[in-house]
Each structure stands twice: as C-alpha cells, then as structure tokens.
Amino acid sequence: MFTIISCEGRSQANLVVAGSTSVQPYVELLAEEFELLNPGSGIDIQGGGSSAGITAAESGAADIGMSSRWLKRTEEDLWSIEIAKDGLAVIVHPNNPIVNLTLEQVRDIYSAVITDWSQLGGRNARIHLIAREEGSGTRGAFEEMVMGSNTSHRITPRAIVQNSNGAVRQLVAGDPNAIGFISLGLVDRTVKAVSLDGIEASPENVMDGSYTLFRPFLFVSKSVPPTGLAMEFIEFILSPRGKELMTQEGLIP
C-alpha cells in the first residue's frame with residue numbers, strides 16, 4: 001500500500017523509503033511482495049534522487065534513504081548497506097547501427113568532442129545527448145566512471161536533462177539519433193545497450209568484473225542499525241526470496 005504524504009511532509013505509512021529513482025522501481029516491487037507477506041505493513045516509496053534520499057534519512061523525513069552512489073565522506077556517519085549492484089548501460093535507439101563504443105568515445109560524446117554519428121561509423125546525423133539531472137546517483141556514477149576527474153571532460157550543458165531513468169529511456173526509444181545512460185536493469189526492447197570496449201552490458205559481465213560500469217544500490221538510515229519494520233524490510237530484501245526478485249529484474253544481489 002503506497003500512502004499519501006501528509007501536509008507536514010512525513011508519510012502516514014508505517015515505513016517511508018525515499019531517494020534514488022534508479023532504486024525506486026525495484027524497491028516498489030519488493031515492497032509489494034513484503035506487504036503480501038506482512039498484511040498491514042504500509043510502505044511508502046518516494047523518489048527524488050540519491051542526494052535527496054540521503055538528506056531525508058539524515059533529517060528523519062524517511063526511515064530509509066535509497067542511494068545509487070557511494071556515500072560521500074560527509075555522509076559516512078549514516079548506517080548503510082548494499083542491497084544490490086546495478087550495471088550502468090549506455091543506450092541508443094534499436095535502429096542505430098552502432099553496437100560498440102569505447103569508454104573514450106562515450107566520454108568524447110558527452111563532452112561534445114564527438115557530435116555526429118558519422119564520426120563513429122554511423123549515419124550522418126547529429127548526436128542527441130540525454131543525461132540525468134545533477135544530484136542523481138546515475139549521473140554521479142556516470143561522471144565518476146566515464147567522464148573522470150578531468151574538468152575538461154564534463155557533460156556538456158547542451159545535453160537534454162531528465163529526472164528519471166525511465167524518462168531517459170523513453171526519449172532514446174523515440175529518437176533514432178539519441179544516446180543516454182540508464183540502469184542496466186531497466187534496459188528493454190525499446191532501446192539497445194551498446195557494448196563498451198567490446199564487452200556486452202549484462203549482469204553476468206558485471207558479476208565477473210569484465211563490464212566495469214556498475215554502481216551500488218544502497219539503503220541508508222539515521223538509526224544505527226535500523227530497527228523494527230525497517231530492519232524487517234531490509235532482511236526480506238536480503239533473503240533468498242528478495243534476491244530472487246532482484247535477479248529476475250536484472251539486478252545483482
């Protein structure tokens with residue numbers, strides 16, 4: 001049961017989980033299963049991004065914060081646990097002939113050094129860049145793992161910014177010249193994940209370390225450790241049934 005937020009900003013549910021929109025759809029599925037097994041245990045799942053989720057956990061606005069990035073040094077006083085790993089997929093339209101890119105090429109695309117698909121052996125068409133918003137765990141992971149620390153390799157402000165992985169996927173699915181990056185678990189038939197440096201974007205390749213673009217899915221809490229319903233929910237997610245559900249959705253428990 002996903003409940004309504006009260007005027008004070010705190011949900012009337014028994015448990016509030018807020019944060020990363022990458023983690024959100026998986027936790028919603030897990031919450032539905034948990035509530036079937038535990039009738040009356042209302043869980044409210046909210047988005048807002050990783051940074052917002054961490055802030056909500058710090059302030060007590062949420063019992064659990066969801067993050068798709070590692071905690072910063074200033075956030076390490078929070079309790080945290082990694083519930084899964086998720087690959088980060090670079091996606092294009094299914095009709096795009098490009099099937100493989102190097103990390104350097106992806107970096108050059110997003111820093112606007114490469115601006116046309118013909119520079120990569122594709123059609124003669126301008127590349128339409130889709131990116132996540134500042135503060136997103138998906139963007140943070142992409143900037144860290146692809147763009148690197150060199151300040152000259154920043155995501156160009158010309159990129160179209162979207163506030164969820166689903167929105168990025170939708171834009172890329174509707175634009176043969178677009179490129180984006182989303183959670184690997186959210187790749188479906190409407191888009192195509194390109195191989196990176198010849199390695200396919202797959203859970204198996206994330207697990208064996210050959211595909212290097214992956215990030216953690218974290219739960220964080222002000223309580224050290226969480227207690228009551230929060231801990232029961234975490235224990236369910238880490239149980240064989242929870243891991244089975246995450247595996248079915250393309251995550252790596």
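## Aromatic pairs in a predicted protein model

Residues are numbered from 1 along each chain as its sequence is written, and side-chain values use heavy atoms, leaving out hydrogens and water.

What of the confidence? The pLDDT, the predictor's confidence in each residue from 0 to 100, averages 89 for the protein, and 93% of the residues score at least 70. Over residues 1-11 the pLDDT is below 50, and this stretch has 28 contacts in the model beyond near neighbours in sequence. Contact means heavy atoms within 4.5 Å.

Stepping back, you can find eight helices and 11 strands in the protein; these are DSSP runs (helices H or I, at least four residues; strands E, at least two), numbered from the N terminus. Of the 253 residues, buried ones make up 51%. Among contacts between residues at least 6 apart in sequence, 73% join residues at least 24 apart.

Now back to the rings. The structure holds seven aromatic pairs. Rings of Phe, Tyr and Trp (its six-membered ring) pair if their centres lie within 6.5 Å; planes under 30 degrees apart count as stacked, over 60 as edge-to-face and the rest as tilted. The rings of Phe-34 and Phe-236 have centres 5.7 Å apart and planes at 55°, so this pair is tilted. Because Phe-34 sits in helix H1 (residues 24-37) and Phe-236 in helix H7 (residues 228-237), the pair ties together parts that are 202 residues apart in sequence. Ring pairs also link Phe-34, Phe-219, Phe-233 and Phe-236 into a cluster.

Tyr-110 and Phe-142 form another pair: their ring centres are 4.9 Å apart and their planes lie at 65°, so the pair is edge-to-face. Tyr-110 belongs to helix H3 (residues 103-110) and Phe-142 to helix H4 (residues 137-147), so parts 32 residues apart in sequence are tied together. Tyr-110 is buried, with a relative accessible area of 0%, and Phe-142 is buried with a value of 0%.

Finally, visit Asn-205 in helix H6 (residues 203-207). Asn-205 is buried, with a relative accessible area of 17%. Not counting residues up to four places away in sequence, Asn-205 touches Ile-199, Glu-200, Ser-210 and Tyr-211.

Note on methods: Predicted model: local features only at pLDDT ≥ 70, side-chain atom pairs only at ≥ 80, totals over all residues. Buried < 20%, exposed > 50% of the residue type's maximum accessible area, 1.4 Å probe, protein only.
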